[in-house]
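Take a look at the model below.

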Amino acid sequence: MELWANLIVLTWAVAFMLWQGVGFAITLGTVFAIWAILAVSLNLVVGFTGLLSIGHIGFFGIGAYAMAFLTSDASYEQLRTEAIPTLGWPFFAALPVSVVLAGVTALLVGIVFNRFRDDIFVLVSFGFAIIAFSVFLNLRSVTRGAFGIHEIERPAIGGWVLDGEVEFLVFALICLALVVLVCWLIVTSSFGRVLTAIREDEEAIAVFGYQVTHYKLAVWVISAMMAGLAGGLFGSWTTFIDPNSFILLESMLLVCIVILGGLATIWGSLLGAMAFVLLDEGMRFLPFIPSEFVGQARQIVLGILLVLLMLFRPQGLVGRYRL
Amino acid sequence: MTQTAPSNGSGEAVLLALDGVSVHYGAVVALDDVSLGIRKGEVVAVMGPNGAGKSTVLKAIMGLAPVVAGEVYWRQQRLAAATHEIVKEGIAFVPQGRRVFTHLTIEENLELGCLYLGDHEEKARRLNSVMELFPILHEKRRDMASAMSGGQQQMLALGRGLMADPDLLLLDEPTLGLAPIVVGEVFQKVREISDRLNTTIILVEHNIRGALEIVDRAYVLDRGRIAHDGTPESIRESNILTDVFLGRVRREDNEGGS
């Protein structure tokens, strides 16, 4: 099954690229890189530690808004209502802020969330996603609310601006590779073994001398920082963000990707993100679905896919563990 | 509040003592004014029927039970550390039901017993020592814990407890759910741990006959109070176990302790 899952998704990806051409494949690759960073980082919390969080999109949004607020071109914004100050930071100065701000928020939220487990944790993470969306929508002096923020800066190294799609794709893939490397180092270390033990039996691991809350908080913050990185990349790539990119549904889709790929497997998250992006983008080209229904059809297909997975393959495409 | 343990009067050093400990779970009284003392090197059983409070004694020591009165003393000092710190004080707990981590290998499970140590040489020394004591764990060290039988998982749980190099090992029902032939092996191993490593052991057990074969002393609990304590011989000769298990002990009978 695992080999078949790999073959199907990868063949699908190659066929899609050949069908739609290199230009579309580059766009697809960038979308994949951003979703994959999110999926790998969420898998650290959901798969490797056993904390089912559906609030991850909040950290993604914080990263994106930090990037937008610090780098956006205010000359455009001043023409509109809800102006925000012009800071004009370069991309590479704003990206660490996106990461750190998501991490600090996670630390503050995590200190409270650490008291909860299992289904209660799911509920409070749901609450976080709602609050984050509400802040993005209503803190207009920073986010411009529903107007969104335009003209977000693209990365530049010296005079070389990564405004081409290929350059941005390469940069996004480098970021993904770094995130995968950090995750791999974590899960193969003794710290990762404690996370596995927490997922299996949190009470038992405490009597062996481990302060479980510290481990959970650490992985929560690391994961949020990775989501902040994805958010910074997303804001810069699209050059425009508004609160609709950070709704609860996106968070649910992200959890679906992690489950689809498989819990506690980095490769599974990459494969899950790839399958999701192919499904998501591929449905645009199905002739029998009118373009105005593509969005809804995507959700229906994903929903059906998840039900089928839970029935016949609850451990996901390449995973070993069940939710 | 006293900071040092009361003397047991025997003149021998008491490693661990409970002084008037009471544990309440809401309205349920799990332990009621329990006092006991464990000397270094002893293997002591805590026995009694279901609901007598046997496991609660261990949980009170580990800071896992709500102690409403009394104190736990460790090496004559009040034990006030948080649960995750207690193992570093030299007390290891092997909880009921084995609780091995089935998605980790046997070696990884063992390492979790002392992963907090920075000294890699010391970790390796402990690992070798445990594997010498449990050859089956050495043989299957790369296997997943899920692939082991119940008896082997219990050996793993014991080994993992020993990885903390404890002075006191708390064993909560180590033979629970095991086949009779394996029960004998587990008891033998518990005695071997005591003889070879001079580890002090508190053994909470429902298997009275097997436990009395290997312990130096035993406490009999009845409805949260100590109904009797003494050597295995004194317990076998008395009718206390029959009385306790058949509910014949009346509260006023055991007001004076043993």
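## Overall form of chain B

This is a predicted model. A compact globule of 258 residues would have a radius of gyration near 18 Å. Chain B has 18 Å, so it agrees with that expectation. Along its principal axes, the C-alpha trace of chain B spans about 55 × 40 × 40 Å.

Chain B holds ten helices and ten strands. Of its 258 residues, 47% count as buried. Now take the contacts in chain B with a separation of 6 or more. Residues 24 or more positions apart account for 68% of them.

## Helix H4 of chain B

Helix H4 of chain B covers residues 120-133, which makes 14 residues. From its first C-alpha to its last, H4(B) reaches 20 Å. That is close to the 20 Å expected at 1.5 Å a residue.

Which residues of H4(B) are buried? They are Arg126(B), Leu127(B) and Val130(B). These three cover an arc of only 100° around the axis, which means they sit on the same side of H4(B).

## A four-stranded sheet

Four strands of chain B form an open sheet. Their order is E2-E1-E4-E5, and the pairing is antiparallel. Which strands stand at the edges? They are E2 (28-39) and E5 (77-78) of chain B. Each has a single partner strand, so one side of each is left without a neighbour in the sheet.

Strand E4 of chain B, residues 67-74, is joined to E5(B) by two bridges. The two strands run antiparallel. Here Trp74(B) stands opposite Gln77(B) in E5(B).

## Where chain B touches chain A

How many residues of chain B are in contact with chain A? There are 18, and they touch 14 residues of chain A. The elements giving two or more residues to this side of chain B are helix H2 (83-89) and helix H3 (106-112). H2(B) gives the most, with four residues.

By class, this side of chain B has ten nonpolar, five polar and three charged residues.

Technical notes. Residues are numbered from 1 along each chain as its sequence is written. Chains are lettered from A and ligands numbered from 1 in the order in which they are written. This is a predicted model: local features need pLDDT of at least 70, side-chain atom pairs count only at pLDDT 80 or more; totals for chains, interfaces and linings use all residues. Two residues are in contact if their C-beta atoms, placed from the backbone, lie within 7 Å. Ala, Val, Leu, Ile, Met, Phe, Trp, Tyr, Cys and Pro count as nonpolar, Asp, Glu, Lys and Arg as charged, and the others, Gly among them, as polar. The radius of gyration is taken over C-alpha atoms; the globule rule is 2.2 Å times the number of residues to the power 0.38. A residue is buried if 20 or more other C-beta atoms lie within 10 Å of its own, exposed if 12 or fewer, and partly exposed in between; C-beta atoms are placed from the backbone. The expected span of a helix is 1.5 Å times one less than its number of residues. The arc is that of the directions from the helix axis to the C-beta atoms. Two strands pair if DSSP finds at least two bridges between them.
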